[in-house]
Amino acid sequence: MSDAVLTLLKFGLLAALYLFFAWVLWTAIAQIRVPAPTAAPATRSATPQAGRTRTAVRGQITVLEPPELAGSVMPIGDELTIGRAAACTLTLDDTYVSQQHASIVRREQEHLVEDRGSTNGTFVNREQIRGAVVLRPGDRVQIGSTVLEFS
């Protein structure tokens, strides 16, 4: 082969290598980036308003699987974030769970679960969800290999 052909092949290989590294970096950034927040819930004052009684809607999740976490109970409060990141309310050490995988929020008199753009999806009663889904007592939420029951 001539020197010109070998030089072109070297530059082609170098370009392919740089494209591969760029793709790996892009994928890594997409996994760790925090998704843009969706519509923020309306803020309410901490003091009750005159003439209104406010009943607190309480919800909790119980871990059913994996066996080493089974039986753990966590109250939801206003929002419960689930993922691998340390900043999440419920941190799961599972390779199938994204950094910011899903959240459960309380709005009005109901709780909603929403996938936060995870790679492997969030399932409610074995069906993958798209957008926010209202949780009912007894519903099972699966995130990676972790199964949670809402009550």
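Analyst: The model is predicted, so local features are given only at pLDDT of at least 70 and side-chain atom pairs only at pLDDT 80 or more, whereas totals for chains, interfaces and linings use all residues. Residues are numbered from 1 along each chain as its sequence is written, and side-chain values use heavy atoms, without hydrogens or water.

The protein has one helix and eleven strands, where helices are DSSP runs of H or I with at least four residues, strands are runs of E with at least two, and both are numbered from the N terminus. The order along the sequence is α-β-β-β-β-β-β-β-β-β-β-β.

Side chains of opposite charge can pair when their charged atoms come close. Here a salt bridge means a side-chain nitrogen of Lys or Arg within 4 Å of a carboxyl oxygen of Asp or Glu, and the structure holds three.

One of them joins Arg106 to Asp78, with 2.3 Å between the closest N and O atoms. Arg106 belongs to strand β5 and Asp78 to the loop between β2 (73-75) and β3, so this bridge links distant parts of the chain, 28 residues apart. Arg106 is partly exposed at 22% relative accessible area, while Asp78 is exposed at 51%; buried means under 20%, exposed over 50% and partly exposed in between, with a 1.4 Å probe and protein chains only.

Arg116 and Glu79 form another salt bridge, at 2.7 Å from N to O. Because Arg116 sits in the loop between β6 (110-115) and β7 (122-124) and Glu79 in strand β3, the pair ties together parts 37 residues apart in sequence. Both partners are partly exposed: Arg116 has 24% relative accessibility and Glu79 has 38%.

Glu149 and Arg140 make up a further pair, their closest N and O atoms lying 3.7 Å apart. Glu149 is partly exposed at 24%, and Arg140 is partly exposed at 43%.

What lies beside these charged residues? Ile104 touches both Asp78 and Glu79, a contact being heavy atoms within 4.5 Å. Leaving out residues up to four places away in sequence, the contacts of Ile104 also include Ile61, Ile76, Leu80, Ile82, Val113 and Leu135. Ile82 and Ile104 have the most contacts inside the largest nonpolar core, a set of 18 residues. Such a core consists of buried Ala, Val, Leu, Ile, Met, Phe, Trp, Tyr and Cys residues joined through side-chain atoms within 4.5 Å. At least two of its residues come from each of β1 (60-65), β3 (79-83), β5 (102-107), β10 (140-143) and β11 (146-150).

Some backbone details belong to the loops of this strand region. The peptide bond from Glu65 to Pro66 is cis, with omega near 5 degrees, and Pro66 lies in the loop between β1 and β2. Glu108, in the loop between β5 and β6, has a positive phi near 55 degrees although it is a residue other than glycine. The side of the chain at Glu108 is exposed, at 59% relative accessibility. Asn125 also has a positive phi, about 50 degrees, and is not a glycine; its place is the loop between β7 and β8 (127-128). Asn125 is partly exposed, at 42%.

For the chain as a whole, buried residues make up 27% of the 151 residues. Of the contacts between residues at least 6 apart in sequence, 37% join residues at least 24 apart. The protein exposes about 10,700 Å², with carbon and sulfur atoms supplying 59% of it; these areas come from the Shrake-Rupley method with a 1.4 Å probe, and for residues only the protein chains shown count as cover.
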